[in-house]
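Please keep the model open while reading this note. The points can be checked one by one against the display.

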Amino acid sequence: MKLLVIGTDVAIFSKGSEARARIDAYGRLFGGLHVIIYTRPGFALQTLASGAVLYPTNSHRFFRRPFDAVRIGAKVIREQGIDCISVQDPAESGLAGWFLKRKTGLPLHIQLHADFFSPYFRSNSWKERLRYWLARFILPRGDAFRVVSERLRRSLDSRFKIPDSRIAVLPIFVDRERIAQARPVFNVHQKYPEFDFIILMASRLVREKNIALAFMAFRELLREFPKTGLVIVGDGPGRKNLESRIMNHGLAANVRLEGLQDDLSTYYKTADLYLLTSNFEGYGRSVVEAAAAGCPIVMTDVGVAGEIIRDGRTGRVVPVGDLKALVRALIQARRDHPAMRKMIERAQREVLSRQPRTREKYLEMYRESFERALINE
């Protein structure tokens, strides 16, 4: 099979990036892999070791990117004998994919990573509202789909009546064995001995992660457990805002912003609790990694909640944005930590049962998701 992929992740052009390594691995799965990426000017065509070819759009205007992708894609399809078009989201890259499907008649494979149908997604900003309406238009016009969670599969079924035969549920790959076997480089309790209990968050510092909600709940938790620490690993455009909130809430003595870190396994394995307060997630990779590492979890009802993390059985799940419920869950988790440890043992078994055991098996399942597009053509 020769595959044309359209996406928006410019990190693919950066040597050593995880995104580039992933595309290079995918390149070995197909008879030809051609990847168009929405970029600003200044990027050059590249060929990876696997033979995968990367094409930048080098667009001078943001709104020109889909049309530049169509122009490049039509040429690649004509010259390379492409069998299938795949888009990495149903909005920006989906628009280009749909245009190319109309132009060439090739089947369209759509990948869905974000929860476009959460009401919190489209209320996050005008850009997300536009993406939501684009997705509503593009998704019914796809031939096959790869989604990362059962939550997204249910969305496709309930909103567009897309049959399961056209949907592959393939989560983001988490190397659970590597995480389970990794030895911590340090103990976060030794790094912060002033805390007797440490809650961990690993997240981009952006609005949709709703870390502000975590701060409000954490402040209430400190009334009963004043020696609890909150350690946040990650960075993003919301950092300055969070720093201001830390000061305004009087949390400077108990919150630590660690910035980006390469070794998350050490944090997962030595913290006492993992917390996720996102307004929406398609999957929630950090939650799965934390579960694989054996860190108990409290999270909002997003992504893998209800699938891997089930309230009262494999962790605690609270409604999105519900401060009172979150405070109750955190206090209960702090008071009865042995019970949370028992829950995470069950969550680890869920991760084992749902994640492909090896990267090779994952890649095999990934290729099969594209074959569905040809079957359903």
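The points below go through a helix pair, a sheet and the helices lying across that sheet.

1. This is a predicted model, and the points should be read with that in mind.

2. Two packed helices are described by the angle between their axes and the distance between the axes. For helix 2 (residues 65–80) and helix 3 (residues 92–104), the angle is about 40° and the axes are 9 Å apart. Helix 2 is therefore oblique to helix 3. Their crossing is right-handed.

3. Which residues of helix 2 meet helix 3? They are Pro66, Phe67, Ala69, Val70, Gly73, Ala74 and Ile77, and they face Glu92, Leu95, Ala96, Phe99, Leu100, Lys103 and Thr104 in helix 3. By class, this contact holds 10 nonpolar, 2 polar and 2 charged residues.

4. Strands of a sheet pair through backbone hydrogen bonds, either parallel or antiparallel. Here 6 strands make an open sheet with parallel pairing, in the order 11-10-9-12-13-14. Strand 11 (255–259) and strand 14 (316–318) are at the edges; each has a single partner strand, so one side of each lacks a neighbour in the sheet. On average, neighbouring strands are turned by 20° against each other, direction ignored.

5. Within the sheet, strand 9 (residues 197–202) pairs with strand 12 (residues 273–276) in the parallel sense over 2 bridges. Leu200 has Tyr274 in strand 12 as its bridge partner.

6. Helix 13 (residues 323–335) lies across strands 9, 10, 12, 13 and 14, and runs at about 165° to strand 14. Helix 14 (residues 337–354) lies across strands 9, 12, 13 and 14, running at about 75° to strand 13.

Methods:
Residues are numbered from 1 along each chain as its sequence is written. This is a predicted model: local features need pLDDT of at least 70, side-chain atom pairs count only at pLDDT 80 or more; totals for chains, interfaces and linings use all residues. Side-chain values use heavy atoms; hydrogens and water are left out. Axes are lines fitted to C-alpha atoms, for helices over the stretch in contact, and angles run from 0 to 180 degrees between N-to-C directions. Helices (H or I, at least four residues) and strands (E, at least two) are DSSP runs, numbered from the N terminus. Angles under 35 degrees count as roughly parallel, over 145 as roughly antiparallel, 65 to 115 as roughly perpendicular and the rest as oblique. A crossing is left-handed if the near helix is turned anticlockwise from the far one by less than a right angle, and right-handed if clockwise. Contact means heavy atoms within 4.5 Å. Ala, Val, Leu, Ile, Met, Phe, Trp, Tyr, Cys and Pro count as nonpolar, Asp, Glu, Lys and Arg as charged, and the others, Gly among them, as polar. Two strands pair if DSSP finds at least two bridges between them.
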